[in-house]
Amino acid sequence: MELFGSNFSLFRKREVPTIGVPSSTMPADKQKDDSGSYQERIVPARSPEAACSVSAVYRATTLRADVMSVMPVQYQRKDFEKGNFVTDMRGLGKRINYLLQEEPNPIMTASDMWKLIEINRIMYGNGFVYIERDEFGFPLHLWLVKECGYNINTATYASIVYLTDHGYVTLTDVPASEVLHFPNTFRYPSGWGLPTLRYAYETLTLNKTLKAQALDTAAKGGRVKGFISEQAPAAGYSPISQGLFDPKESNAYAKEINNRVYTQDIVSLRGMDKFTPTSMTSQDMQMAEQLGLTYDDVARFWGVPRPLLMLDTNSHYNDYQNATMEFHTRTILPQKTANEKEIARKLIGFKDYGTRRIHICEDPLMVMDPERRAKVAQLKMQSGLCTVNEARRDFDMPSVEDGDVPMASANLLTLKALIAKSDASTQLKPGNYTVGEPSKEGEET
């Protein structure tokens, strides 16, 4: 796996012809003479970076990478007094949180690292991070791995290469516990991830063939069915001697015309009265639809709805809102959970299981939607899930007096007052509406 490697990603794009430079990558002796051949105007993209020049691929890849990069990765400890998990900002916990959220190593920020991990995972099939530890075995740096080789027999990484502030470093026989591995969804039996482009190419072989045929047909002007009407023979000539009505001669001439029509811009026909087109083949009629499926394929393989790829220009705001929720639920959440599990098993382990955890916080995803964010905070306060001060802290506002007491949806009474009100309402039994006698002076009521 290389961050900027030479992996051959079979994804085709249009190429603008350059004067003096052959537009075809095929050998000269094998190139077609037909000026309309589609093979002379497209070339394979030989790297993920070139594939990202396709706008839909670029949009889908950067969208997934950017979303994963804005969610902070938190190292949390369990508060046994209150029973919940809180971000650990003491001692080792503070160091780990600084690595995960701010500066994993001296040459990049945490946001950059998580973004590149997601790009490597999608475009190369795997994202790797080497955990550099100090003399006590505690994490010191997190390095983004550039190249990596795994030995399945020894369950170790035979060699890893990563860039530091002092140049490239190569390590051999690295234990698997020292490397964070984020594979793509589809992977080989060994656990090695399969690049999305490679998987798409291998699974869309039939679709790719149909598109190639459609491009070939379009480049030649389209395949048309029709009837050729011949001129009547001149007076004094026999139709058979002229040869126009002989079946073999007519078929041979039709093939000649077909070849000339699709290889020349101007065609001169002899002995033709008229040509009547009747229909196009079903493949030709579906050509536009087949070519349009390219963007649908990207949306499906990358798990990004069409509105988020900016393909539906007439979409309503609710379409984007629903598409965003679908994207977060179906695409981001599974990857978020998988990343949490991989980081936890390498940085926490069995010893601290249950008392420590890794949590990727999804709250920043709502920061740019203030209306939705305010509604969520309101619902939390009304249901007693958070206090006023906790909600204010989420909006970076100072605490207020008596704001640490939970409230519930009953004119925002405290839970204690709500219980007291409930007890008071049950003191009057059904059917007992008599008023007791006034108490005598000195007696307790």
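Visitor: Which residues touch the most other members of the largest nonpolar core?

Guide: Leu 100, Trp 114, Trp 302, Val 304, Ile 343 and Ile 358 do, out of the 43 residues in that core. Bear in mind that this is a predicted model.

Visitor: What is Val 304 in contact with, leaving aside its neighbours within four places in sequence?

Guide: Ala 60, Leu 63, Arg 64, Ala 299, Leu 309 and Phe 327. There's also a second, separate core of 10 residues, with Trp 143, Tyr 162, Val 174 and Val 179 among them. As a rule, nonpolar side chains in soluble globular proteins tend to be buried together.

Visitor: Why is Cys 361 called buried?

Guide: The cut-off for buried is under 20% relative accessible area. Cys 361 has 10%, so it counts as buried. Cys 386 has 11%, so that one is buried too.

Visitor: What is the strand order in the open sheet of five strands?

Guide: It goes S8-S7-S6-S5-S9, and the pairing is antiparallel.

Visitor: What makes S8 and S9 edge strands?

Guide: Strand S8 (167-175) and strand S9 (179-183) each pair on one side only. From one strand to the next, the twist averages 35°.

Visitor: How do you know that S6 and S7 pair?

Guide: Pairing takes at least two bridges. Six bridges join S6 (residues 139-151) to S7 (residues 156-164), so these antiparallel strands qualify. Across that pair, Cys 148 stands opposite Ile 160 in S7. Helix H4 (residues 110-123) packs on the sheet, where it touches strand S5 (126-133), S6 and S9. The direction of H4 makes about 140° with that of S5.

Visitor: Is Thr 164 buried or exposed?

Guide: Buried: its relative accessible area is 10%, and the limit is under 20%. Thr 164 sits in strand S7. Setting aside neighbours within four places in sequence, Thr 164 is in contact with Ile 107, Trp 143 and Val 169.

Visitor: Why is Asn 151 called partly exposed?

Guide: Its relative accessible area is 27%. Buried needs under 20% and exposed over 50%, so a value in between is partly exposed. Asn 151 lies in strand S6 and touches Thr 156 and Ala 158, not counting residues up to four places away in sequence. Asp 173 is 22 residues from Asn 151 in sequence, and their C-alpha atoms are 8.6 Å apart in space.

Visitor: What is the phi of Ala 155?

Guide: About 55°, a positive value although Ala 155 is not a glycine. Most residues other than glycine have a negative phi. Ala 155 is placed in the loop between S6 and S7, and at 40% relative accessible area it is partly exposed. Asp 402 also has a positive phi, near 60°.

Visitor: Why is Asp 402 called exposed?

Guide: The cut-off is over 50%; Asp 402 has 67%, so it is exposed. Asp 402 lies in the loop between helix H13 (388-394) and strand S13 (407-408).

How values were computed: Residues are numbered from 1 along each chain as its sequence is written. This is a predicted model: local features need pLDDT of at least 70, side-chain atom pairs count only at pLDDT 80 or more; totals for chains, interfaces and linings use all residues. Side-chain values use heavy atoms; hydrogens and water are left out. Helices (H or I, at least four residues) and strands (E, at least two) are DSSP runs, numbered from the N terminus. Axes are lines fitted to C-alpha atoms, for helices over the stretch in contact, and angles run from 0 to 180 degrees between N-to-C directions. Contact means heavy atoms within 4.5 Å. Buried means under 20% relative accessible area, exposed over 50%, partly exposed in between (1.4 Å probe, protein chains only). A nonpolar core is a set of buried Ala, Val, Leu, Ile, Met, Phe, Trp, Tyr and Cys residues joined through side-chain atoms within 4.5 Å.
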